[in-house]
Amino acid sequence: MASPIFAPSPRKILVDTDPGGDDTFALLWLQSLVNQGFAEWVGVTTVRGNVSAELTFRSACQVLALGGFESVEVGRSVVWNCAKIADASEIHGADGMGNLSHLLPQSPRQFATARDADEMIIEALESAPGEVTVIGLGPLTNLAAAEQKRPGILRLAKELVLMAGAFEVPGNVTPLAEFNVAFNPEAAAAVLESREDLVMLPLDVTRKLILTVEMTEAIAQSYPNHLLGQFIHQLSQFMSESCLRHRETAGVQGFLVHDAVTVAYLFYPETLLFRRGLVRVETAGNYTRGQMILDRRHGTKSLPNAFVAVEVEAMNLLAILVDDLKRLCSQRVKEGVRV
Ligand SMILES: [Ca+2]
């Protein structure tokens with residue numbers, strides 16, 4: 001009898017997200033990886049951030065339905081009076097999705113009857129300790145709320161992977177703070193206390209991830225009459241205009257797919273390099289609130305709590321993303337959806 005071929009089981013994924021143009025690309029990339037057998041959905045929880053709690057919920061439902069995953073449960077944001085900064089509809093559009101949500105399938109899921117995100121997170125981690133990978137793509141409100149309600153719960157995740165922070169580069173909402181952390185620094189502080197092996201993907205690497213209009217045009221041209229392919233390209237065009245307006249891409253026609261880097265870490269880790277250290281967040285400063293600090297000193301008595309990404313192979317990562325998005329489109333064509 002032939003020896004069994006090693007086939008790793010798909011990684012169980014729970015995503016906490018605030019769509020968001022770049023969140024949308026991360027969700028679509030994951031859908032492709034689920035189709036390819038590398039990932040398995042546990043659920044998606046939404047959080048107030050880029051836009052309101054209601055809109056992030058609606059967008060996540062629509063993006064899941066777009067790829068054929070309408071059965072995945074979506075949780076709604078916990079309420080936490082934290083924001084002293086504006087949302088990011090200026091960047092992502094009033095609906096958080098480039099004002100394109102009217103093109104997408106409507107989901108029957110209702111915000112009013114959805115489960116609260118913290119309850120979903122607690123239940124998912126308690127029912128499969130050490131098995132579920134949690135990806136944080138928005139403010140850390142829901143994760144902190146789960147930890148407050150059930151201390152130690154985040155330790156039950158297989159891994160906690162966060163797009164958060166800015167260390168050696170300027171922030172994107174203040175000179176020092178990145179949006180997800182600046183939106184709710186107290187929540188970030190609670191999450192930083194929760195484990196010793198957090199994986200953090202900061203602006204230091206995501207600023208290098210410019211998904212260009214040419215790249216998404218190639219997807220749209222491969223699937224000219226297909227809703228998914230056209231949506232990917234139109235969202236990319238909208239986000240590129242935003243990025244150009246805010247001078248985030250050095251004049252390049254493209255946009256920063258910040259949140260997608262978490263997916264790259266999990267499924268294509270060869271594209272990233274990390275530094276181990278102790279990360280803390282400033283919650284008090286007049287000008288520094290939301291700043292993250294990485295203690296890189298040798299010989300410090302402080303125990304490290306994170307792996308922080310410091311380098312990324314940007315072109316390699318983006319090429320893989322485009323390839324996997326094409327696979328997702330191809331799968332939908334095979335399923336006969338809106339061709
Ligand atoms: Ca996000």
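What share of the contacts in the chain between residues at least 6 apart in sequence join residues at least 24 apart? The share is 81%, where two residues are in contact if their C-beta atoms, placed from the backbone, lie within 7 Å.

Figure 1. Helices (H or I, at least four residues) and strands (E, at least two) are DSSP runs, numbered from the N terminus. Along its principal axes, the C-alpha trace spans about 60 × 60 × 45 Å. This is a predicted model: local features need pLDDT of at least 70, side-chain atom pairs count only at pLDDT 80 or more, and totals for chains, interfaces and linings use all residues. To find your way, note that residues are numbered from 1 along each chain as its sequence is written.

**Figure 2. Strand β4 (residues 132-136) pairs with strand β1 (residues 11-17) and with strand β5 (residues 159-163).** Two strands pair if DSSP finds at least two bridges between them. β1 and β4 are parallel over 5 bridges, while β4 and β5, also parallel, are joined by 4 bridges. Look for T133 in β4: it stands opposite I13, and its bridge partner in β5 is E159. From β4 the chain passes through helix α5 (residues 141-149) to β5 in a right-handed β-α-β crossover (with the strands pointing away from the viewer, the path from the first strand over the helix to the second runs clockwise). In β4, 4 of the 5 residues are buried (20 or more other C-beta atoms within 10 Å of a residue's own, with C-beta atoms placed from the backbone).

**Figure 3. Strand β9 (residues 272-281) has antiparallel partners in strand β11 (residues 306-312) and strand β10 (residues 292-295).** With β11 there are 6 bridges, and F274 stands opposite A309. With β10 there are 4 bridges, and here R280 faces I293.

**Figure 4. Helix α1 (residues 21-35) meets helix α11 (residues 260-267).** Their axes come within 7 Å and cross at roughly 30 degrees; axes are lines fitted to C-alpha atoms, for helices over the stretch in contact, and angles run from 0 to 180 degrees between N-to-C directions. The two helices are therefore roughly parallel (angles under 35 degrees). Residues making the contact include F25 and W29 of α1 and V263 and F267 of α11.

Note on methods:
Buried ≥ 20, exposed ≤ 12 C-beta atoms within 10 Å, placed from the backbone. Parallel < 35°, antiparallel > 145°, perpendicular 65-115°, else oblique.
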